[in-house]
Amino acid sequence: METDVYFTIEKPSQGLYKDKGSRFLSFAFPVGNEDQIHTILENFRKEYHDARHHCYAWRLGADMNHFRANDDGEPGNSAGKPILGQIQSFQLTNILILVVRYFGGTLLGVGGLIQAYK
């Protein structure tokens, strides 16, 4: 009998990235289902209600075929897709990564956004 083996994270973590005045607060959570993901996202939208964007990506399951990415108003594929790309590059699952952006007044351009969210 074959056992499902996959990589995930053990506990929540967070980070901070700054670029041209914008602040990107990142949060990673181990998750087990979509209800848990929706609860976390809802709580973060309330807690960081003054942020411009709440971009995220998640992936669930040992087969790694259940995933979603969201740009939350950033230019198409400039936020959610780079976040999802990091999840994929480390072959993680059962994870939610959320990045809260506070706009600093200087446009970063699509390339700058991709680099920041990545």
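Of the 17 residues that make up the largest nonpolar core, Phe 44, Tyr 48, Leu 96 and Val 100 touch the most other members. A nonpolar core here is a set of buried Ala, Val, Leu, Ile, Met, Phe, Trp, Tyr and Cys residues joined through side-chain atoms within 4.5 Å. Buried means under 20% relative accessible area, exposed means over 50%, and partly exposed is in between (1.4 Å probe, protein chains only). Two or more residues of this core come from each of β2 (22-30), α1 (34-47), β3 (53-60) and β5 (95-102). These names follow DSSP runs numbered from the N terminus: helices are H or I with at least four residues, and strands are E with at least two.

A word on the model: it is predicted, so local features need pLDDT of at least 70 and side-chain atom pairs count only at pLDDT 80 or more, while totals for chains, interfaces and linings use all residues. Residues are numbered from 1 along each chain as its sequence is written, and side-chain values use heavy atoms, with hydrogens and water left out.

Let us look around Val 100. Setting aside neighbours within four places in sequence, Val 100 is in contact (heavy atoms within 4.5 Å) with residues including Phe 24, Phe 27, Phe 44, Tyr 48 and His 53. Apart from this core lies another, of 16 residues, among them Leu 84, Ile 95, Ile 97 and Ala 116. In soluble globular proteins, nonpolar side chains tend to be buried together.

Now for the helices. In α1, Ile 37, Ile 40, Leu 41 and Phe 44 are buried. They cover an arc of only 95 degrees around the axis, so they sit on the same side of α1; the arc is that of the directions from the helix axis to the C-beta atoms. The cover over these buried residues includes β2, β3 and β5, whereas the face turned away from the buried side carries the exposed residues Asp 35 and Lys 46. At the N-terminal end, Asn 33 caps α1, with a side-chain oxygen 3.1 Å from the backbone nitrogen of Asp 35.

Helix α3 (residues 109-117) has buried residues too: Gly 112, Leu 113, Ala 116 and Tyr 117. Their arc is within 125 degrees, so they line one face of the helix. Among the elements covering them are β1 (13-19) and α2 (80-89).

Next come the aromatic rings. Rings of Phe, Tyr and Trp (its six-membered ring) pair if their centres lie within 6.5 Å; planes under 30 degrees apart count as stacked, over 60 as edge-to-face and the rest as tilted. By this rule there are 6 aromatic pairs, including these:

| Pair | Type | Centre to centre | Between planes |
|---|---|---|---|
| Phe 24 and Tyr 117 | edge-to-face | 5.1 Å | 85 degrees |
| Phe 44 and Tyr 48 | stacked | 5.5 Å | 15 degrees |

Phe 24 in strand β2 and Tyr 117 in helix α3 are 93 residues apart, and their pair links distant parts of the chain. Phe 24 is buried at 2% relative accessible area, and Tyr 117 is buried at 4%. Phe 44 and Tyr 48 also belong to one aromatic cluster with Phe 27 and Phe 29.

Glu 74 counts as buried because its relative accessibility is 8%. Its contacts beyond four places in sequence include His 53, Leu 113 and Tyr 117.

Conventions. A polar contact is a pair of N or O atoms within 3.5 Å; within protein, one must be able to donate a hydrogen and the other to accept it, and residues adjacent in sequence count only if both atoms are side-chain atoms.
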